[in-house]
Structure formats: structure tokens, C-alpha cells
Amino acid sequence: RNNCVKVYNKLKLMATVHQTQPTVQLLLSTSDFVGALDLIATTQEVLQQELQGIHSFRHLGSQLCELEKLIDKMMVAEFSSYVRSDLNRPLDDSCQIIEEERLVSLVFGLLKQRRLNFFEIYGEEMMATAKTIIKQCVVNTVTQIEEIDAEVIVKLADQMRMMNFLQWCDLLQTIFSKFTIFLQRIKATLNLIRGIVLLVLDKSQRIREPQGSSVQISGEDGHADMELAYLTHEGMFISDAFTMCELPAIAADTIAQRSTSPSSEPCGSDSVSEPECTTDSSSSKEHTLSSATPGGVEITVGDDMKLTELELEKLANSIQELLYTASDICHDRCVKFLMARAKDGFLEKLTSSEFVTLSRVVEAFVLDTEQICGRKSMSLRGALQSQANRFVNRFHEERKTKLSLLLENERWKQAEVPAEFQDLVDFITDGRIALPEKKAGVAEDRKPNDFLIVEGQKYAVVGTVLLLMRIILEYCQCVDDIPSITTDMLTRLSDLLKYFNSRSCQLVLGAGALQVVGLKTITTKNLALSSRCLQLIVYYIPIIRAHFEAQLQPKQFSMLRHFDHISRDYHDHVAEISAKLVAIMDNLFDKLLSKYEVKAPVPSTYFRNICKQMAKMHEAIFDLLPEEQTQTLFLRINASYKLHLKRQLMHLNVVNDGGPQYGLVAADVAFYVGNIQALKGLKDLDLNMGEIWEQKR
């Protein structure tokens, strides 16, 4: 009877194995690659253990091996197809992951077959899709712009270069938004794949812990005990799978009866123990653990995953790196798009406000991708910084050229101050180092002033300096808008201020304006105006310095020394102008007083001429320089006058002896003092004329 039971079980097992290939085909038709591979592996195990030497199955093993190779290729092709359809579907589709069960099945199948490079397929498709996204965005935008004739301008890049800044910036924002959605999808898919890998790793660790040794089967004849093998797929007997798929009823009923009611079979007789109805194959399935993927799909992980923990960990890290690569790919494509537009110098020619708009759009995208992918991608930031450097160069060269042209045409006459420039300095006084916004709809009917009023101080200025003030504020505002260019802007602004100082010195003190503008002479008025303009800039240097300091890192504070050097240079220039004004009168004194003779009539012609020239000097500078500066200047001029007069009196041997000659000199000096003190603002000036006489020893 025992032999009959064994033969019956063996025949039943053969019948089940015979149905393996049709069942595999059935599973493959539903893309159940894991099930098909499990069934092939289990059948191969049964063929080697329970059905070894059966003549009718001699080719089945090799056939199953070929079938496994075919499934291997099918899975790779299916994964490629899935990735392509997933990445290329419309970006307005709100679904993050499509056909999640299909993806889970594919990943498990690829892991089971040790195809650990499957993520490379995903990476290649990502790159191709990123190119397509940009191209499609450009095509969609170009076709909507009427000014671009696609028949005349054939190349897409040339069509894109026909856009103005607003159109191009809108296109860039569209690309950024598409890439953001693209990366979110990639992240969701890669998180699922990585979750599966980590799940396999976790189950692998949990299975290995209790499995210290192989399972021992009791019984006198081990081979006989393993004859009653059950081929399973995902916890079901093959017979159950057939039943569910509506196979012929007779075969289904026969096999299902065995699988569902083992107690009714001969193996349930008292001559065969219950453990004899299991095999190594079935016992290994007892270590199968069920869980759910990150997406909620129920999966089963067996211990037949022939992957080491090191391999699984490496794969999980590679998938994480793939997310970083996705971010880099998007940034690199955007860099190429940016560079394509920059070829004709378009980005360098942007206004500062336009470049700021571009910077903000790029920075927002960089932060979004950083948040999605968890790592900074530097290529786009680097490209923007490169463009920022070019922008700074052009920004500076434009303004320096403008300042140069203004100086070359400056006649150094006092200019009226339009109301907008007074508003500009008032804006700074309120602590805002920026250009005031023009109020829409407000009629500019305010009359210009003769002076620029700064903190109650009057500044007589030339037109060039008014525009220089605006240019300085443009630099400051640019630094506010684009903090990354602060150091570059600081050195450029320093260069601009140094240029104004040196060039104005050449034109006025150096008399270059005679040839450049065609002035007949450099007057005291020209000199005083130049001095006052320099003083205005000097007043604002500490304010500008503080503005830049707020944008710098502490380690960059040493750069602020540029402003200290400039301030010192400007002060030196102002002192040179004052010295020049004194020198003008000094030459006059030398010329007139060297011919002075002590004789009637009084006041002498020389003193009359001196007082006349002093009055002209006062008239030229009094309205331009503050009163205290005028007083200081006239004290220095008076000191020069006294020196020349004293030298001439010593030459003439006129002494303070109360004699007739002393009386004539005293009368001339009194005339001089009266005239000087009659000048506006000089009434209380202490001229100390007693110093003209040689002190008696």
C-alpha cells in the first residue's frame, strides 16, 4: 500500500510539473514576472530532487533555463517601456506614480535575477526626457509669438533668440515649473524603488537571523519523505492558480482536491506521517515574509533572493544618487538653455532690474530642486554667477563710459538741481540707499533749485556730479538686489570714484578742460565748484561704506579699506584746490607788491588793485563755499598778503617808527583791512596786520 501511495504521489507531482510551462506563459501574460520566476525556480528544484532521472522530463530543465533567460530580457524591455511611458507622460498629469503594481513586480523580478544595473536605464531615459521637455517648451512658446516667422528663421535656437526679455523669462519660468514637476515624479518613483530594495534588505536580515542551520527532515528514507512536494506560487499551489484561471475542470478539481484537502489523500493514512508531505522546497517557503511597499502594494519576499546585504545597500545608495543626478541633469539642461540665449551678449545687456528678475527666478528654482532632491546642484548657480560677473563688467563699463563722456563735456559751471535729484538725496537722508520710485500720475511741475540741500547744507554742484550720485545709487541698489556680486560691485564702484577724482583733477587743476571743452581759462569759480562737488561725494562715502559693509561677510571687511583710501584722496584733492586758490592770489601779491612804493596818494594804486582782486575772488566763491570755508581761505590769502607786504617793506626799509612813510603804509593797510572786512561774511575776520612790521630786537 505504501508503494502505491508513493507512486500515486509521484504521478500527481509529474502531472503538476507538466503544467509548469503553460502556467508560466499564463503568468507572463499578466506581467507577473516574479510569479513566473518563482515557479521556474521551484520546478527546477523539484526536477533535481524528486523527479531526477524521469526520461520524459529530460529536456524540461534546459527549456526552463531558456525560458528564464527570455523572462530576463522581457523584464528589461518591460522596465524600459515603463520608464519611457512614465517620464514622457504629460506633466500636467497629477498622478505621481503610474501602474504601481507593475513597477513593484518588475523591480522584484529584476532583483531576483540580479539585474542590479536596471537603474541605469532610468538614468538614460531621464536625460533624454529632460532634453525633450526644454525643446517642447521652446516650440510651444515660439509658435505663440507672431513676430517670429518660423519659415524665415528655421533653427529653434535662433527663434528663441528673437524673444524679448519678458517673453524669454516667461519661457524660462515655464521650463523651471516643468522640471519641478518632473523631479517630483522621479523622486516618487525612485523612493518606491529604493523602498523595495530596502525592504528586501530588511527581510533578508530578518530571515537570516533565525536560520542558523538548514531544516532537518525526520524519517527513515529522506528521499521518500520529499516525494510529496507542493509547488507554490505566492502562497498558492499551482493547482489553485489553475483553478483561478479557469483551466479544464477535471485537471483543476483533481489538483485542487490534493492541495486543499491533504487529509483526504493517501498521504493522510496511518502508514505515512504528516511531515513526509513536505520538501526542502516547501519548507524554504516557510521563511517567506509578506509586507507592503511604500506605495501600499502587498508583496512577498522569500529567502531565494540571492543578493548580499552589501549589494542591496550599494544598490539603495545608487538609486539615491540617481535622484541627485536627476537634479544635476535638469540644472545642466537649464545651463545650456541659458548659454544659448547668452551667445549674442543678451544677458550682459540686461538692465539691473531685469537681471535681478532673472536671478530671483533662477534662485527660486535652485531652492525648489534642493528641497525636492535634498542636495545642492551647483551648475545653474555657477552659470548665473558667471553671467553675473559679465553683467557686472558691462554694468560698470557702461557707467564709467557715461561718466567719462559727462566729464569730457563738463564746462564746470554751476548747474540747477532738478527736484528729482533733491528727492534722491532726501531719500538717502531717510536711511534708504536706493533710487526712489517715480510716482505715477504725479506731474513734475516743481522748479529746480540753485543748490542741492543735504542735511541743511547747501552744495553748489555741476551736472556731472548729480548724475554721478544717481550712478552710485544704482551700484548700491544692484548690491541689494544681487548680494552675490557685492565684492565685485565694491571694487568697480571704487574704480569709478577714483576715476572721477583723477579725471576731474586733470580737467580743472590740471587745466585739461581748456583743450577738452575749450574753456578760455580755469577760473576761481571753476575751482570752487570742483571743490564743492568733491566734498559732496566725500560726505556720502561713509554712508556708501556702511551700505556695502551690511552685505559683506566679516572675512571680507578688509575690502572696505578702498573707501578709506578714496576718502583720503578726495580730501587731498580738496586741499590742493584750496592751495591753488591761495596760490592764485599769492602770485598776484608777488606781482603787485614787488613794485609797491610808499608815496602819496593814499590808498595807492597797488592796494586798490589788490582789494579789487580780493573782492572778485570773494564774489566768485562766497556763494559756492560754506562761510567757514570762505573765512579759512581768506585767512590763508591774508597770511600770504602779509608775507609779501612785510618782505617789500623790509626791502624799502620802512619801519614802524611813526614817521611819514609809516603813516602812508598804515593808511594803505587800513584801506585794505576796511575793504576785506566789508566783504560778506568776513566782518569779524581777525587779519592781525601788525605782523607786517619787523619786530624790534
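User: Where is Cys 611 found in this predicted model? Is Cys 611 buried or exposed?

Analyst: Cys 611 is found in helix α22. Cys 611 is buried because its relative accessible area is 6%, and buried means under 20%.

User: Which residues is Cys 611 in contact with, leaving aside its neighbours within four places in sequence?

Analyst: Cys 611 is in contact with Phe 671, Tyr 672 and Asn 675, once neighbours within four places in sequence are set aside. Take Phe 671. In sequence, Cys 611 and Phe 671 are 60 residues apart. In space, their C-alpha atoms are 8.6 Å apart.

User: What share of contacts in the protein chain join residues at least 24 apart?

Analyst: Take the contacts between residues at least 6 apart in sequence; 79% of them join residues at least 24 apart.

User: How many helices and strands are there in the protein chain?

Analyst: There are 24 helices and six strands. The chain has 697 residues, and buried residues make up 48% of them.

User: How do I read a nonpolar core? Which residues have the most contacts inside the largest one?

Analyst: In soluble globular proteins, nonpolar side chains tend to be buried together. Here the largest nonpolar core has 182 residues. Those with the most contacts inside it are Trp 168, Phe 179, Leu 358, Ile 537, Phe 548 and Tyr 672. Helix α8, residues 165-208, gives the most to this core, with 19 residues.

User: What does Phe 179 touch, not counting residues up to four places away in sequence?

Analyst: Phe 179 touches Ala 130, Ile 133, Ile 134, Cys 330, Arg 333, Cys 334 and Phe 365 on that count.

User: How do I read the buried residues of a helix? Which are they in helix α16?

Analyst: An α-helix has 3.6 residues a turn, so residues three or four places apart point the same way. In helix α16, residues 419-429, the buried residues are Ala 419, Phe 421, Gln 422, Leu 424, Val 425, Phe 427 and Ile 428. They pack against β5, α17 and α20.

User: Where is Ser 531 found, and what does its side chain make a polar contact with?

Analyst: Ser 531 is found in helix α20, residues 524-549. Ser 531 is buried, with a relative accessible area of 4%. Its side chain makes a polar contact with the side chain of Gln 535, at 2.9 Å. Leaving aside neighbours within four places in sequence, Ser 531 is in contact with Val 574, Ile 577 and Leu 625.

User: What is phi near in Trp 412 and Ala 511?

Analyst: Phi of Trp 412 is near 55°, a positive value in a residue other than glycine. Trp 412 is found in the loop between α15 and α16, and counts as buried at 2% relative accessibility. Phi of Ala 511 is near 65°, a positive value too. Ala 511 lies in the loop between α18 and α19, and counts as partly exposed at 22%.

User: How do I read salt bridges? How many are there by the count?

Analyst: Side chains of opposite charge can pair when their charged atoms come close. The count comes to 18 salt bridges. Arg 375 forms one with Asp 328, the closest N and O atoms being 3.4 Å apart. The pair links distant parts of the chain: Arg 375 is in the loop between α14 and α15, Asp 328 in helix α13, 47 residues apart.

User: Which residues are linked in a network of salt bridges?

Analyst: Arg 394, Glu 398, Arg 399 and Glu 474 are linked in one.

User: What is the mean pLDDT of the protein chain?

Analyst: The mean pLDDT is 78, and 72% of residues reach 70 or more. Over residues 212-290 the pLDDT is below 50.

Definitions and conventions
Residues are numbered from 1 along each chain as its sequence is written. This is a predicted model: local features need pLDDT of at least 70, side-chain atom pairs count only at pLDDT 80 or more; totals for chains, interfaces and linings use all residues. Side-chain values use heavy atoms; hydrogens and water are left out. A nonpolar core is a set of buried Ala, Val, Leu, Ile, Met, Phe, Trp, Tyr and Cys residues joined through side-chain atoms within 4.5 Å. Buried means under 20% relative accessible area, exposed over 50%, partly exposed in between (1.4 Å probe, protein chains only). Helices (H or I, at least four residues) and strands (E, at least two) are DSSP runs, numbered from the N terminus. Contact means heavy atoms within 4.5 Å. A polar contact is a pair of N or O atoms within 3.5 Å; within protein, one must be able to donate a hydrogen and the other to accept it, and residues adjacent in sequence count only if both atoms are side-chain atoms. pLDDT is the predictor's confidence in each residue, from 0 to 100. A salt bridge is a side-chain nitrogen of Lys or Arg within 4 Å of a carboxyl oxygen of Asp or Glu.
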